[in-house]
Amino acid sequence: MSPRKPGLLAPLFALLLAAGAGALVYAQEARSEAERLALLQAAEGPQRLITPIKQGGWSFPRRFEAKGGAILSPQDTHVAALIFSTEATPPRLFDLDGDGAPDQALAARPAEGGGFLVGAAPLTPPPSLPWGLLCVALLFSLGMWAWLAFAYPGRWAGPLGAGFGALNLGLIFSFAASRALDVLPGARLSGALPLAAALIPLVLYGALGAYTRSLRSPHRAAFAYIAPAMIGMSVLILVPFAFGFGLAFFRFNGQTSEFVGLSHFAHILASSGYAITHPLSFYYTLFVTVMWTALNVALHVSIGLGIALILREPTLRFKGVYRVLLIVPWAVPNYITALIWRGMFNAEYGLINHGLSALGLEKIQWFSAPLTAFAANLITNTWLGFPFMMVVALGALQSIPRDLYEAADVDGADGWQKFKLITLPLLRPALLPAIILGSVWTFNMFNIIYLVSQGRPNNSTDILIVEAYRVAFEQERYGYAAAYSVLIFLLLLLYSRITERVSKAAEEAYG
Amino acid sequence: MRASTLISLALLLACGGEAPPQPIQLNLWHAYRGEETATLEALVAEFEAQHPTLRVNAVSVPFDAFPNKITAAIPRGNGPDLFIFGHDRVGGWAEKRLLEPLNLWSAPIAGAPDLLERFFKPTVEALAYEGGLYGLPLNFKTLALFYDKALVSAPETTDALIAAARALRQRDPRVWGLGYEVDSLYFHAPWLHAFGGAAHFSPDGALRMDLKGAGASMRFAHALRAEIIPPEADSQLITGLFYKHQLAFVISGPWFIAELKDHPSWGVAPLPLVNGSGQTHPSGQDQPAGPYLGVEGLFMSSRSAHKPEAFALMRFLTDEASAKRRLKAAGQLVANRATYADPEVAADPVNQAFQRQVEQAVPLSNSPHMQRLWTPMQRALSLSVVEGVDPTESLAELVKRVEESR
């Protein structure tokens, strides 16, 4: 790979193209907003005064009288729909001739002395995004990108390729953003989503530029092979990720989304106004999460490795049977395992307390204290987690040559020395990735916490991901939950950087 | 061979020429399963038979995904014409303009009986939001008191309930008095309302709650919890204990009936009057417990292309004949009042109990802000009812958390 500098033209070109894609979406939004404002003005023209009348003891009006005594008929539902929206909401568009396109806009506002003034204006519907054109542009730029990256030999290939790559991302993001506008009403008014449509591809530019340049390298066939996966990743992971990242800066109050900057992050990092030892504080939850991850992984590895060593004993009989039985906890869906263990931990009727009292011990109220509830979660997840480590260790043990042990025997090494000096170092290359993977899984092990202790007592056993879930789907504070998730992501990013260093160091030491 | 092909082709063409006009297709989404689906489909078939130009496509959508599907599909015009769901999201849906206001559709017509008079009034009011009526009620759900006839009889007051439970527990400490999920606002609501602690939201999302009443209700529930409610009781445990005759009373809703198929001695009664609530009831008696009223509504999409036809189906599904079938075949507690005049229906003690209970029930607020209350309230209840923390403390935290989420 040649360490060529990206040059100045490349980012400029990328900026132009990506901003163009974003501006297209933004212009679309601005236009429909301008038309809406014009409609509000137009609706000041011919107006009808409509008075709602309550009757029969109902809390809502059941008759509507237009000025002059005419009563609205059920066919005037579009007027009714207006009346129940207050003046703050944008005017409604109505399709009066039923051809599927709106052809009349109405606005209502409360009149002095009761009732509503309703006005109407004819409408030329705002054009929708030129989807066909955008698709053609996407295909064209994808083609250009591929051509520049793989075939075109000149010095412009790198910068132009990166530019078209950024354009692709911009277009894909614009598609996603325009869909997101339907999900997040009100976001359109802030103009922030279109802005993000232009900015996020730029942020991704660096990565993409590097990728495109690497395509010029002799290994480009390898890059071609992973290109489908990269495209899949960008659609399935990058776009939702970018959307979630953007969401963290907004607050959605049921009707509109409002830009709040970093205030969600500030609030979370300021412990949400609780003492640090309060279960709803970010730092308390982080502490629980770290303890949860560290203890789990330690138990998984030591139990898994221990069993793997026993299973390797040449004198052991029925090995296959044990191996299958020990993998069973892993094979059972973890929801089911979690629910079974929750039942077993029940204070009054659970199997575990029955066992304790049969042994003459005192029953434990598992979910009444943070420590015992945490222990219950830990036991359940250990049951679920050790088979994986066992399988990894078994595989790695097979690959250690027997003659090393024989040589050690000749030298008079004892069992512990053999384990420490032969088994452990040779297991490390296989175990280290498994440990990193396992710790990331455990860090985000939602099911066990949510189902076994359910955060009892009082959210004190919740880990970060469960807390984020509660904020998002129990309280429907999506922006705040997104900020929480971004923090979780940053923590894991930091962790993976550290482990990368560690495993590199290990490679150097033992490689 | 060739001749027969030609003939059949000619036949096809002939038929094609005389094809009847395309029937209008109505899409109806629901989250029903089992008997409820079968009953709904039978009713829909009957409607189609009465209206040959209409076709109804009843689609079952998973309950968990339902609200998201509605908010995603309707604005884009892919949604149903009609759908059936709980009323608690009406406020949010109305704010998003997903629902057709029915004020005019259901307006009284001279010379005809008023459509809305066929329902229990609270069930209709639950579907109104900010002056608009957004649905017609199909069924209602509320909590009532289930009891084991082998152990106890239905108590009139909470004092009687506690006394009966105490007596049982003295005889056999394995037997518990009362079972319900103590840390859930839905199940705590009967006490909350009896003590005057109801929670509302103003339109701009500020929490309005009488903290004194709420605190008193939590102290009351904590006393119950300490004496007669089994610890860590979730719904499976409660069902299990009730089956083993180790639990005298259960607060639960009509869904519990399905779980009691093999129970030999269960009965159901309205929730008892609450002693010592400090609230005066107009009748001079103690305050009745006030469980939430949940209403299953039939809603029309504001984007439906066939509103008159959709409204005809709404009228049909909520009329007395349909309601009777839904009650008898699917066990739904229908909102149509006239149904309960039927002697067979009226004689059923379950129907009686729930019909009496609905009069005391408090419609669950359909404000879009309600969603912000459940989780903080669960924590407050868990602190004060389960662990006995002073309610002033847990409620102060609740207010702070709810305010934060605005």
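Me: How do you know which residues of chain A and chain B count as being in contact?

Reply: Two residues are in contact if their C-beta atoms, placed from the backbone, lie within 7 Å, and by that cut-off the contact takes 39 residues from chain B and 35 residues from chain A.

Me: Which element gives the most to the side of chain B that touches chain A?

Reply: That is helix 15 of chain B, with five residues, and the elements that give two or more residues to this side also include helix 4 (90-95) and strand 5 (132-133) of chain B. By residue kind, the side of chain B that touches chain A divides into 15 nonpolar, ten polar and 14 charged.

Me: What makes up the contact between domain 1 and domain 2 of chain B?

Reply: The domain assignment gives domain 1 as 11-141 + 293-363 and domain 2 as 144-290 + 373-404, and their C-alpha centres lie 32 Å apart. Twelve residues of domain 1 and 13 residues of domain 2 take part in the contact, and helix 14 (residues 349-360) of chain B gives the most to the domain 1 side, with seven residues.

Me: Where in chain A is confidence lowest, and where is it highest?

Reply: On a scale from 0 to 100, helix 5 (residues 187-190) of chain A is lowest at a mean of 43, whereas helix 9 (residues 282-312) of chain A is highest at 93. The pLDDT is also below 50 over residues 1-7 of chain A. Where pLDDT is low, the predicted coordinates should not be read in detail.

Notes:
Residues are numbered from 1 along each chain as its sequence is written. Chains are lettered from A and ligands numbered from 1 in the order in which they are written. This is a predicted model: local features need pLDDT of at least 70, side-chain atom pairs count only at pLDDT 80 or more; totals for chains, interfaces and linings use all residues. Helices (H or I, at least four residues) and strands (E, at least two) are DSSP runs, numbered from the N terminus. Ala, Val, Leu, Ile, Met, Phe, Trp, Tyr, Cys and Pro count as nonpolar, Asp, Glu, Lys and Arg as charged, and the others, Gly among them, as polar. pLDDT is the predictor's confidence in each residue, from 0 to 100. Domain bounds come from an automatic or database domain assignment.
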